[in-house]
Amino acid sequence: MNFLSHYYFERYSHNPELVLGSILPDLIKNADRNVTMWPQRYEGRFGNNPKLHSIYHGWTRHMETDRYFHNSAFFYSHTHALKILLTPTVSDTLIRPSFLSHIALELLLDHLLLRNNWVHESDFYAYLGAIDYEMTDRFLRLCEIKDTAFFFVYFNSFMHAQYVQGYWEIEQIASAMINICRRLWDVGINDVHLEGIIDVITDYAATLDGNFHIIFDEIRSKLT
């Protein structure tokens, strides 16, 4: 799941560190794909510090949420349908349609959360703006991330750009899909590719709009 979908489960927590933890695995991955963290190995180091435990709890809920999501019938059925629809739009590129359908579904869920007012991007950024930087740095160092500067450079950029606001617009979602693919493949995308992707995900957003809540209800019922 993407940023706002993870935030959905913590949106009433009033706990900035929990919200941070719930998206921290993706923030780390985006900041540096070569960095791997395993906080579960270091849980004993967090002592009784509530902020450290909140970040850790958010991290574990992120992992739990993704596990349920990626093994759900909802995920399999919709990524399969999207793959069939998206394949013709990128058939002459290096992009793998199965990957494209995966990120399309995740970004569309964020889009629908915003459009249906289930989450608000201003609240999301307000939570993140209230985190304790010192405790965040300490958490990373306790997890054997010795040089944390790369993370805070990315996090500050993430906060400044506030690009999840773009998830309101289908065109921005299509651009985000292409940008994610460019991290993996040297792809040449032209206006025809882009328009094809926009057409597919516009129609699919309308298809999902009536029943996307099913996956959130299912995961919420399973989260500990």
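Modeller: The model is predicted, so local features need pLDDT of at least 70 and side-chain atom pairs count only at pLDDT 80 or more, while totals for chains, interfaces and linings use all residues. Residues are numbered from 1 along each chain as its sequence is written, and side-chain values use heavy atoms, with hydrogens and water left out.

Colleague: Why is C143 called buried?

Modeller: Buried means under 20% relative accessible area, exposed means over 50%, and partly exposed is in between, with a 1.4 Å probe and protein chains only. C143 has 3%, so C143 is buried.

Colleague: Why does C181 count as buried?

Modeller: The relative accessibility of C181 is 0%. That is under 20%, so C181 is buried too.

Colleague: How many disulfides does a search of the whole structure find?

Modeller: It finds 0 disulfides. A disulfide needs a pair of cysteine sulfur atoms within 2.5 Å.

Colleague: What makes a set of residues a nonpolar core?

Modeller: The members are buried Ala, Val, Leu, Ile, Met, Phe, Trp, Tyr and Cys residues, joined through side-chain atoms within 4.5 Å. The largest such core has 79 residues. L27, F124, F139 and M177 touch the most other members. Helix 5 (residues 97-115) gives the largest share of this core, 11 residues. Helices are DSSP runs of H or I, at least four residues, numbered from the N terminus.

Colleague: Which residues is M177 in contact with, leaving aside neighbours within four places in sequence?

Modeller: Contact means heavy atoms within 4.5 Å. For M177 the partners are L86, L100, I103, A104, L107, I197 and I201.

Colleague: What makes a space a pocket?

Modeller: On a 1 Å grid over the protein atoms alone, a pocket is an open set of points where a 1.4 Å probe fits, with protein on both sides within 12 Å along at least five of seven lines. Lining residues have an atom within 4 Å of a point.

Colleague: What is the volume of the largest pocket, and what lines it?

Modeller: The largest pocket holds about 930 Å³, the space filled by probe spheres set on the points. Its lining has 32 residues, with N2, K29, N30, I180 and R183 nearest the centre. Helix 9 gives the most to that lining, 6 residues.

Colleague: Which residues are closest to the centre of the second largest pocket?

Modeller: They are T36, M37, W38, W59 and M63, out of 14 lining residues. This pocket has a volume of about 230 Å³. Helix 3 gives the most to its lining, with 4 residues.

Key:
Helix = DSSP H or I, 4+ residues; strand = E, 2+ residues; numbered from the N terminus.
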